[in-house]
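Please read the points below with the structure open beside you. They take up a few elements in turn.

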There are 2 protein chains.
Amino acid sequence: MPELDLNSSADLVSALADGNRRALARTISHVENNTKLAQPLLTTLYPQAGHAHLVGITGSPGTGKSTLVNQVAREYRRRDLSVGIVAVDPTSPFSGGALLGDRVRMRDLAGDPGIFIRSMATRGNLGGLAQAGADVVMVLDAAGFDRVIVETVGVGQSEVEIASTAHTTVVVEAPGFGDEVQAIKAGILEIADIFAVNKADREGVERTVMVLQMMLNLGSPDRQQIMHHGRMLPVDWPEPDFDSHVWTPPILETIATKNQGTESLVDAIEEHQSYLKQSGHLELRDRLRAATELRMILRDALLQRLLRQLSKEELTSLVNAVAQRKIDPYSAVQKLLDAHTHSS
Amino acid sequence: MPELDLNSSADLVSALADGNRRALARTISHVENNTKLAQPLLTTLYPQAGHAHLVGITGSPGTGKSTLVNQVAREYRRRDLSVGIVAVDPTSPFSGGALLGDRVRMRDLAGDPGIFIRSMATRGNLGGLAQAGADVVMVLDAAGFDRVIVETVGVGQSEVEIASTAHTTVVVEAPGFGDEVQAIKAGILEIADIFAVNKADREGVERTVMVLQMMLNLGSPDRQQIMHHGRMLPVDWPEPDFDSHVWTPPILETIATKNQGTESLVDAIEEHQSYLKQSGHLELRDRLRAATELRMILRDALLQRLLRQLSKEELTSLVNAVAQRKIDPYSAVQKLLDAHTHSS
């Protein structure tokens, strides 16, 4: 058997197909660190992806969502499905934010070859988190995992965006503690395909479920509509069959620490997957994700291209002029565009 | 007295200078909704800003930071300083996330002409939150407020970014509750100029203070260094006097609900302001903010400019090709750039 060259794109891709975990870890590192191999790897792997069902799991710190992700992964393993996990949550034990107990809970996943966990460092990665997250999800998909779970904190804008590009988005809530009530965050309701009210053995669980139910009954703007408004490109969208297939987000109670309710939660995720396929929504969500990614990548590529044309002196003097309030940043940008781009 | 035309840029600007609150609210609306008046308003107001001290206050949901913001604002009023508040926190009572008790606490600020509160809706504003937040802060600054406070959730990437562009960033923590430990988030330590351990009458406060102290003693990458790496433009930076002036983030205990510790917190913010001025860091932070804003605005302007050149058909077929995995999004972007931009 020839030796694996971890810095060869071809070697990595073929080892990935054989289920080689070292190759997988290294491929993700190349992608995350944007090395010279990142682009060839992404270009080669992208057509091989598209088989995994993508599950976003998001919720506030303190809702116990990492433990829930852990249990969901175990349940999938019992169903003989392989699971990739991407944690972009700075408070997650998967990404090093939490303390010993959580790490121990996580460790029992680590020996299973049907599970691969990757945490994304948010530090120093400002602004690029969404795209890096999407790339890592794609690599796990191409590597053949049946389900890919993305865990994010459901209070950050970028984090909610990442979760909402999944096929199925699970929003985790928990009953309030003491005088605090974990309010239902604006913007979170709209992206939820499934609600999990975790820590359901705590006081106040009925109230949390009731509030969620009330908010669902009030109705919320359609998720697709929001995605169109928020960050979409001007594109013609396929018309899914809205009328005959309507999905009402179920509200499920779970106690992740006791592994209660996990089976029903995984059932619901699988049901949602069937719904997406039958209604045509799966295709729509794939297009929404493609449009979101195109937009992000295009924006950054255009910026990098322009920056290459500018001298450090020119930029410095413009930054100084803005800092000293001699010119506003919008007019400064207009000045740059007029001087350095040719098309109107 | 001539009647105020709320849709005239000149009228708004002069009414703003007279302290007219209706004009202020309307100006902010124009900016937030990006109406036709937004650009002329921003261009006119920008040179008038630069006098306010900008304070970012960030922390997880449940740390009680909204109540703390409320108390800090009252303390500034006792010192005869006017305060503008921008809440970009979906869980904040200022932006409608929290329940009745909080709203009542907030209401007693509302009658004071020396205070102006504006909440930013995150919904539907995906991706543009950071820039919109910066614009609203600038308007409050130009309107003459002595201090402008930005309240954000310290777990989201965009939200942490917004808080970190302030002159002084206060990170709010709270003692852990039950089996949860509010872990110190990665990336949060580096942006803190001041720590407030709120709810200091709860059990575990000594532990929280101790953990923070330990992490500070371990040392952390310099904030400026992180900002350089994360999202900066290639610019020459002024060299502040690092050696003779070193700021060690103080760790203060507060009980916002009982208004304990607020005075010391405001003292610390004011001391930090003096430190920034004497050390040359104030100028550096203003340049960092200018560079951050230029970068954001430039990126979006370039995207919009290119999108105007593309037909809906061309974009649709490209999105479909990516969604169907016939091409990866990076290659698709390269194709667009090759076809539609002239410079290399």
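1. Two strands are taken to pair if DSSP finds at least two bridges between them. Strands here are DSSP runs of at least two residues, numbered from the N terminus. With that in hand, V83(A) has I115(A), in strand 3 of chain A, as its bridge partner. The model is a predicted one.

2. Chain A in outline. The chain holds 13 helices and 7 strands. It has 344 residues, of which 49% count as buried. Taking the contacts in chain A between residues at least 6 apart in sequence, 75% join residues at least 24 apart.

3. Strand 2 of chain A and its neighbours. This strand covers residues 83-87 and is joined by 5 bridges to strand 3, residues 115-119 of chain A, with the two running parallel. Another 5 bridges join strand 2 to strand 4 of chain A, residues 147-153, and this pair also runs parallel. In strand 4 of chain A, E151(A) is the bridge partner of A87(A).

4. Is strand 2 of chain A enclosed or open? Of its 5 residues, 5 are buried, so the strand is largely enclosed by the rest of the structure. Cover is found on both faces: one side carries V83(A), I85(A) and A87(A), the other G84(A) and V86(A), and all of these are buried.

5. Helix 4 of chain B, length. This helix runs over residues 65-78, and its 14 residues should span 20 Å at 1.5 Å a residue.

6. Because 10 of its 14 residues are buried, the helix is largely enclosed by the rest of the structure. The buried residues are K65(B), S66(B), T67(B), L68(B), V69(B), N70(B), Q71(B), V72(B), A73(B) and Y76(B). Just after the helix, D80(B) adopts a positive phi of about 65°.

7. Is L216(B) buried, exposed or partly exposed? The residue belongs to helix 8 of chain B, residues 205-218. A residue counts as buried at 20 or more other C-beta atoms within 10 Å and as exposed at 12 or fewer. L216(B) has 16 such atoms within 10 Å, so it is partly exposed. Its C-alpha atom is separated by 8.1 Å from that of P249(B), a residue 33 positions away along the chain.

Terms used
Residues are numbered from 1 along each chain as its sequence is written. Chains are lettered from A and ligands numbered from 1 in the order in which they are written. This is a predicted model: local features need pLDDT of at least 70, side-chain atom pairs count only at pLDDT 80 or more; totals for chains, interfaces and linings use all residues. Helices (H or I, at least four residues) and strands (E, at least two) are DSSP runs, numbered from the N terminus. The expected span of a helix is 1.5 Å times one less than its number of residues. Two residues are in contact if their C-beta atoms, placed from the backbone, lie within 7 Å.
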